[in-house]
Amino acid sequence: MHLLFIAIILILALIAIRISNKSGIPALLLFLTLGILFNFFGVNFKDYHLADKIANLSLMIIMFYGGFGTNWSMARPVAGPAITLASLGVVFTSIITGYFSYKFLGFDFYQAMLLGSVVGSTDYASVSNILVSKNLNLKYNTASLLEIESGSNDPTAYTLTIVFISIILKEKISIPLLIFKQIFFGIGLGFLMGYIFMKIIKTLKLSEDGLFSVFIAAVTLGTYSLCDFIGGNGYLALYILGIYIGNKEFTHKKEVVFFYDGVTNLVQIALFFLLGLLSDPTKIFHSLFYGFILMIFMLLIARPISVFLLLKVFKTKFKQNLLISIAGIRGAAAIAFAIMAVNSGANLGIDLFHIVFVICLFSSLIQGSLMPYLTRKLSMFDPNDTVLNTFNYYQIKSPFGFIISRIKKGSSWVDKRIKEINPHFDLIIAKIERDGKTIIPKGHTIIKEGDTLVIGGEMFFDESGKELEEIKLSNGHPWVNKYIKDLHINKTTLIVMIVRNNKEIIIPNGQAQLNENDRIVILKK
């Protein structure tokens, strides 16, 4: 029954995503509502210990993949303001919100500061989802700024949450030392593990399907655990690790993207559904006032003060700052940190969990709906926004693919201008690699012996998947040491590829000789 229950949740979540895409309602709000409905109809789940573990793992995956998907070429120009908002911005927003809760809502000072810390960061998934689903290309590189900020500010909120939980629990700790270790070990270990990762994959051959995803999952878990063990900020380490390896190029990158695209969506669904499932409708009603007031205060006062004050030094535009203020949506991290605070054993006089629930609910609904409208109202929409990507990006994320062709001695293309080749196919010579240098090809560019041509075109997807057959030429096979031109094969059969030593790809012609242990890929009609 448990598996059936999970299956029903996932199917309903997929329907919720479709509704979100058509209606513009934030998808995470629908997942939240889904959890509330299950709770309302009698699904009783109040295991905060299990919820804490799920939330922790979910946030680890979100943080890593948030960094992995960051295009540093686009992010570099706005790294200064983005990192400032992700660090000092979270501190300012948390303190201002906490002080308001203490002074005007009558909360205990340290519990008010804990609440401010829990909701101090913005949600990467919500911000990114709105930007992508609504095609919001923003002026002044604002989209990159928002994605960097929302993807990297959770570690700051986590550190502040840990600090105030420790104070409430009256633990004997050095707060300056705790903060130093969180930041220093988090950044240092993130870079170190990224460097080690890249070194390992250059020597360790993980050619078997799926093994690379297992390896990268192990590195992710190991990085967080090691950093947490030595007192560092594991989430910060994972974000740095993600940025480091996400901006490198390696063979299995496509596999990582496919794996984490699905897993990240799954854990985001799990987090918001979990928040709805843990909630109590009666307590939600009692927390509506506090949650709504705090959400409006953060939207109109705490977040704008932090943004306008900190970005003044970067001379950003007024309307840009206004949109950045509106984009401070609260989400996954706030949920995870609220569960962590409840599960910490701290004696809280406020219903922190349900207050955070209401804040996330209204934040997702109001701010998520306002962003597309205000983008156009403030004239911040840029139809000509530029995105910097790599050749590998388009092979991973689009049906466009690249192949290479090495110009050998005697090729009919040697000393020909590109405009003279005219292959009569829908292909483009995208670039030429010559003597370690890249040449941008034009019609008058002359092709030389030894050049490597990168050729682009639309990839083919075979829905039947039945025509190709792979055979291995074992010892004694009649084709071993034969040239393809000498083989007696059916006219409806074609050798399309030779895989040699499990790594070398050979495009065959009649002069190609077949060796023992070669893997031959054959197309049959």
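Figure 1. Phe107 counts as buried, at 7% relative accessibility; buried means under 20% relative accessible area, exposed over 50% and partly exposed in between, with a 1.4 Å probe and protein chains only. The model is predicted: local features need pLDDT of at least 70, side-chain atom pairs count only at pLDDT 80 or more, and totals for chains, interfaces and linings use all residues. Residues are numbered from 1 along each chain as its sequence is written, and side-chain values use heavy atoms, with hydrogens and water left out. The structure holds 22 aromatic pairs. One of them is formed by Phe107 and Tyr290, edge-to-face, with 5.1 Å from centre to centre and 65 degrees between the planes. Rings of Phe, Tyr and Trp (its six-membered ring) pair if their centres lie within 6.5 Å; planes under 30 degrees apart count as stacked, over 60 as edge-to-face and the rest as tilted. The pair links distant parts of the chain, 183 residues apart: Phe107 is in the loop between helix 5 and helix 6 (109–118), and Tyr290 is in helix 14 (residues 281–311). Helices (H or I, at least four residues) and strands (E, at least two) are DSSP runs, numbered from the N terminus. Tyr290 is partly exposed, with a relative accessible area of 30%.

**Figure 2. The packing of helix 5 and helix 9.** Helix 5 (residues 79–104) and helix 9 (residues 154–168) pack at about 45 degrees, and their axes are 8 Å apart. Axes are lines fitted to C-alpha atoms, for helices over the stretch in contact, and angles run from 0 to 180 degrees between N-to-C directions. The two helices, helix 5 and helix 9, are therefore oblique to each other; angles under 35 degrees count as roughly parallel, over 145 as roughly antiparallel, 65 to 115 as roughly perpendicular and the rest as oblique. The crossing of helix 5 and helix 9 is right-handed, the near helix being turned clockwise from the far one by less than a right angle (anticlockwise for left-handed). Helix 5 contributes Ala86, Ser87, Val90, Val91 and Ser94 to the contact, and helix 9 contributes Thr156, Ala157 and Leu160. Contact means heavy atoms within 4.5 Å. By class, the residues of this contact between helix 5 and helix 9 are five nonpolar, three polar and no charged. Ala, Val, Leu, Ile, Met, Phe, Trp, Tyr, Cys and Pro count as nonpolar, Asp, Glu, Lys and Arg as charged, and the others, Gly among them, as polar.

**Figure 3. Thr156 in helix 9.** Thr156 lies in helix 9 and is buried, with a relative accessible area of 18%. Not counting residues up to four places away in sequence, Thr156 touches Ala86, Ser87, Val90 and Val91.

**Figure 4. The packing of helix 3 and helix 16.** Helix 3 (residues 48–68) packs with helix 16 (residues 332–343) at an angle of about 145 degrees, the axes being 9 Å apart. The crossing of helix 3 and helix 16 is left-handed. Among the contact residues are Tyr48, His49 and Ala51 of helix 3 and Phe337, Met340 and Asn343 of helix 16. The contact of helix 3 with helix 16 comprises 12 nonpolar, two polar and one charged residues.

**Figure 5. Positive phi at Asp435.** Phi of Asp435 is near 55 degrees, a positive value in a residue other than glycine. Asp435 lies in the loop between strand 2 (428–434) and strand 3 (437–439), and counts as exposed at 77% relative accessibility.
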